[in-house]
Amino acid sequence: MKEVVIVGGGTAGTMLANRLARDAAPEIAGGELRVTVISNKEEHLYQPGLLYIPFRLKKPEELMRKVKEVLHPSVRLIFGEAVHIDAERKVVTTDGGQRFPYDYAVIATGSHPEPDQIPGLLEAGHIFYTVDGALKLQQAMDTFQGGKVVIAVGLPHKCPVAPLEFTMMFEDWARKKGIRDKTDITYCYPLARPYGTESVANMAQREFESRGVHIETFFLMEEVDTKKKELVSIDGRRIPFDLLVVIPPHKGSTFSQKSGFSDEEGWMPTDRNRLNLADQTDIFVIGDATNLPISKAGSVAHFESEILAANLVDRIRGGPGERLYHGKVFCFIETGLDKATYIAFDYANPPNPVTPSKPVHWAKLSYNNMHWVNLQGIM
Ligand SMILES: Cc1cc2nc3c(=O)[nH]c(=O)nc-3n(C[C@H](O)[C@H](O)[C@H](O)COP(=O)(O)OP(=O)(O)OC[C@H]3O[C@@H](n4cnc5c(N)ncnc54)[C@H](O)[C@@H]3O)c2cc1C
């Protein structure tokens with residue numbers, strides 16, 4: 001029997017497992033294939049929904065389902081922390097000492113923010129990238145009656161557009177709450193423009209300027225001065241705040257960092273088309289865990305899992321499994337509380353945001369609700 005072992009039961013791992021369960025149903029039913037997911041969490045969190053919690057537009061319970069409920073019943077689910085992958089013996093080991101031999105292993109352990117990299121941040125700032133952080137920010141916004149708002153970004157981080165979305169939604173929210181004239185908004189970004197890619201940066205610049213959002217470029221966060229309530233950059237700039245929202249730099253999982261394969265930040269060296277781990281033919285990496293030069297986004301996890309599932313099924317059936325991933329990404333971008341744009345791009349074709357509109361915003365809301373269907377790997 002062939003064994004596929006997937007480490008991580010988030011978006012990428014779940015989509016891949018469910019696709020395999022459907023596409024290789026005859027092999028699974030015939031006992032020729034087993035798909036195993038090792039998950040260190042019992043709940044699957046739809047992370048893009050976190051953006052809406054501070055504005056009271058989503059509740060945490062709407063974003064969570066049991067991992068075992070979102071996985072196809074033919075997938076074996078193991079709860080535990082994967083701690084080691086032995087590429088020579090082809091075994092993944094968990095913290096409980098359980099060993100999972102594999103024919104094909106897939107690393108889908110995601111990424112996480114590292115607030116500790118910025119001293120003072122956890123004490124004085126807000127991070128909406130976790131449920132607790134988003135709820136804490138919601139409470140702060142409930143009582144916010146105007147003042148200096150600073151939104152600052154560290155690189156790299158998942159969902160590159162989320163900080164832009166939060167800023168434009170916040171500006172709209174402050175207007176609708178009637179406190180915009182008492183509110184200064186500053187957006188701090190580490191590069192020369194407010195976003196990495198030129199076309200999206202131009203869109204953000206236009207939107208920010210038309211709404212009076214100040215932009216601080218080349219702003220690399222050093223620390224938060226909690227006494228003075230100032231955000232300090234490595235070149236000594238100090239920006240005072242009443243409300244500080246930070247998207248801290250991210251790293252790959254501890255599993256990746258300790259695997260012996262990753263770079264210092266925990267990103268796994270991954271073939272940009274075949275998605276195999278560098279120099280390995282039977283270990284693959286999908287989702288945020290890769291070192292690929294594309295967005296760390298759920299849509300990437302979706303497109304990668306589609307390609308990898310097709311290749312694994314082909315290989316299990318004796319074929320070469322040669323479909324290639326070309327860097328496809330699709331992201332909606334909220335430009336306020338009732339308008340949005342979107343970008344679609346790949347390695348060869350840069351993004352080109354469409355004019356923001358209400359229908360695109362409604363499409364994003366529908367897409368959010370469709371996540372649970374998407375996870376099933378049928379679209
Ligand atoms: C605020 C916010 C907004 C976002 N908005 C969007 C958006 O609009 N569009 C979009 O496309 N994307 C968006 N994203 C990004 C998207 O959620 C991620 O890119 C996506 O979840 C990545 O999938 P993944 O499977 O790689 O990682 P995850 O979904 O994070 O899953 C990784 C899983 O692996 C588990 N794991 C880690 N280590 C181990 C281990 N050792 N053993 C077992 N399990 C382990 C983790 O606990 C986790 O469950 C957003 C993210 C955030 C935070």
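A disulfide requires a pair of cysteine sulfur atoms within 2.5 Å, and the structure holds 0 of them. Cys159 is accordingly in no disulfide.

This is a predicted model, in which local features need pLDDT of at least 70, side-chain atom pairs count only at pLDDT 80 or more, and totals for chains, interfaces and linings use all residues. Residues are numbered from 1 along each chain as its sequence is written, and side-chain values use heavy atoms, with hydrogens and water left out.

Cys331 is buried, at a relative accessible area of 8%, whereas Cys159 is partly exposed at 26%. The classes are buried under 20% relative accessible area, exposed over 50%, and partly exposed in between (1.4 Å probe, protein chains only).

Next, select 2-110 + 253-329 as domain 1 and 115-249 as domain 2; such bounds come from an automatic or database domain assignment. Their centres, taken over C-alpha atoms, are 32 Å apart.

Now show the interface. Here 15 residues of domain 1 are in contact with 21 residues of domain 2, contact being heavy atoms within 4.5 Å. The two domains bury about 1,600 Å² between them, 70% of it on carbon and sulfur atoms; buried area is the accessible area (1.4 Å probe) that two parts lose on being put together, summed over both. On the domain 1 side, pick Leu51, Pro54 and Phe55, which supply 39% of the area that domain 1 buries against domain 2, more than any other three residues.

Finally, select Arg56 and Asp142. They form a salt bridge, with the closest N and O atoms 2.6 Å apart. The term covers a side-chain nitrogen of Lys or Arg within 4 Å of a carboxyl oxygen of Asp or Glu. The count between domain 1 and domain 2 is 1 salt bridge.
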